[in-house]
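Today I wanted to look up ring pairs and the nonpolar core.

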Amino acid sequence: MTTARTPDLEPARGLRRLGRLGLRVALDPVLTVPGYWIATGFGLAWGGLLSRGRLERTPSGMVVARGLPTWSYGRGGTTVGGVYLTTNNVTPDILEHEEAHVRQWKRFGLALLPLYYASGRDPLKNHFEIEADLVKGGYVKAPRRPATALVPGRGRQAAESKGS
């Protein structure tokens, strides 16, 4: 007895295999490394032009282009390759968040563009924003810690334990 194949499923399997192969090829370092440098070149050109040359380098090597007009980037700032474009949103937490995006650019190259947008515009659901840390990116507030009180002879302790 032979089992009949469902003809409708064969093209779908082939497309999935082709999609996996395409993703493997797109994420190959032969493509991602040049993609990162192309994006960084674009970020340097855009940031250098619009920030009037005020470019700084962080200890990790990320370039920060300050003083850009707000229409030239998204949200509080945008990382393109190894360049962070912003007006003046440069707190230590924000820089750490943006450095995570630099690592994403290095890992995915130009493939980051469609992958990022496929992940959605809502930062609370976007995989790349979540990976970069929503708290450090300023998208959500850090969870509150218990209040502390100074207890004579014991130093700082949690408020609920000061009575013991």
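Predicted model: local features only at pLDDT ≥ 70, side-chain atom pairs only at ≥ 80, totals over all residues.

I started with Tyr 36 and asked for its relative accessibility: it came back at 9%, so I put Tyr 36 down as buried, the cut-off being under 20%.

Next up was Trp 37. Its relative accessibility is 55%, and because exposed means over 50%, Trp 37 goes in the exposed column.

Then I ran the ring search. Over the whole structure I got 6 aromatic pairs. One of them joins Tyr 36 and Trp 37, with 4.9 Å centre to centre and 75 degrees between the planes, an edge-to-face pair. I also checked Tyr 116 with Tyr 117: the centres sit 5.5 Å apart and the planes are at 75 degrees, so I logged this pair as edge-to-face too. Tyr 116 is at 13% relative accessibility, so it counts as buried.

How many residues does the largest nonpolar core have? I got 22, and those with the most contacts inside it include Met 62, Tyr 84, Leu 95 and Leu 112. Which elements give two or more residues to this core? My list reads helix H2 (29-50), strands E2 (63-65) and E4 (83-85), and helices H3 (92-108) and H4 (112-118). H3 gives the most, with 5 residues.

Skipping neighbours within four places in sequence, I found Leu 95 in contact with Thr 58, Met 62, Val 64, Tyr 84 and Val 90.

Definitions and conventions. Residues numbered from 1 in each chain as written. Heavy atoms only, no water. Core = buried A, V, L, I, M, F, W, Y, C linked by side-chain atoms within 4.5 Å. Buried < 20%, exposed > 50% of the residue type's maximum accessible area, 1.4 Å probe, protein only. Helix = DSSP H or I, 4+ residues; strand = E, 2+ residues; numbered from the N terminus. Contact = heavy atoms within 4.5 Å. Phe/Tyr/Trp six-rings, centres within 6.5 Å; stacked < 30°, edge-to-face > 60°.
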